[in-house]
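Thanks for asking me to look this one over. My notes follow as numbered points, with the model itself shown first.

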Amino acid sequence: MVTNRNASAVRRVRPTLTRSTGLICVAAAAGALLTGCGNDDGDTAKTDSSTAGRVASPTSSSDGGSLTDDQRERKELVPKAKVGYDKALDAAVATVDKSKPVSIELKGTPDKPVWKAEVATADGASHDVDVDAVTGKAGQARADDQDQDDKRELADWLKKATVTPQQAAQTATDKKKGTVTSVELDDSDKGDMVLWSVDVVTTDDWNKTTYDVDATNRKIVREHVDRD
């Protein structure tokens, strides 16, 4: 379908071609030449039709369809992570004594993919840890800047979360086969339950599906497909 903007552009072409043809016809004295001008009109119509066809034709790509920026970023980054989220999370937890996982997400660039992890002790004191997504080696843990309310809230979430992030991720991938790129402990919008939010990327279309899994019983309470 030609958009209004493209249709206007096509309509603007026609008067120009008709005026040019008219000048040729006036200059020509013989009836045979006038007949030839009529043929030019036919050629003009063909030209306009061909132009409209080119405007309406969709662009194509080697993927069989165009990818969004986010899909292209996932396609470039996800295959570069040689270490899965679970191994990276284990490495992060090992850097802080008696800590539990809070979140992990695949970030970085295709040249240097990294798992960004957060772990916390039972009192809610959290630490950030970067884990190399190629070697699985964890960097030094960095203590977060938290106030007492933040610590109490996180400690409460950890206490309520009887489901592990690995179990939540398994629940998500049982629903949709793909690569887990993020797992995060959070509460619901109403604050009435603690959830594990799990991102699963499917490598056939590079879409991301987010599953909110109840951190007490492994039930999926929300599913959202991000096709951006």
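1. A contact here means heavy atoms within 4.5 Å. By that rule, among contacts in the protein chain between residues at least 6 apart in sequence, 48% join residues at least 24 apart. Please keep in mind that this is a predicted model, in which local features need pLDDT of at least 70 and side-chain atom pairs count only at pLDDT 80 or more, while totals for chains, interfaces and linings use all residues. Residues are numbered from 1 along each chain as its sequence is written, and side-chain values use heavy atoms, with hydrogens and water left out.

2. On the overall layout, the chain has six helices and eight strands (DSSP runs, numbered from the N terminus: helices are H or I with at least four residues, strands are E with at least two). From the N terminus, their order is α-α-α-α-β-β-β-β-α-α-β-β-β-β. Of the 228 residues, 34% are buried (buried means under 20% relative accessible area, exposed over 50%, partly exposed in between, with a 1.4 Å probe and protein chains only).

3. Now the sheet. Eight strands form an open, antiparallel sheet in the order E4-E3-E2-E1-E5-E6-E7-E8 (two strands pair if DSSP finds at least two bridges between them). Strand E4 (142–143) and strand E8 (220–226) are at the edges with a single partner strand each, so one side of each has no neighbour in the sheet. E1 and E2 run antiparallel and are joined by nine bridges; Lys100 has Ala120 in E2 as its bridge partner.

4. Helix H5 (residues 148–160) deserves a look. Its 13 residues should span 18 Å at 1.5 Å a residue, and its end C-alpha atoms are 18 Å apart, which agrees (the expected span is 1.5 Å times one less than the number of residues). Which residues of H5 are buried? They are Leu154, Ala155, Trp157 and Leu158. These cover an arc of only 160° around the axis, which puts them on the same side of H5 (the arc is that of the directions from the helix axis to the C-beta atoms). They pack against strands E1, E2, E3, E5 and E6, whereas exposed Arg152 and Lys159 sit on the face turned away from the buried side.

5. Finally, two loop residues to check. Most residues other than glycine have a negative phi. Lys98, in the loop between helix H4 and E1, has a positive phi near 55° and is exposed, at 73% relative accessible area. Trp206, in the loop between E6 and strand E7, has a positive phi near 60° but is buried, at 10%.
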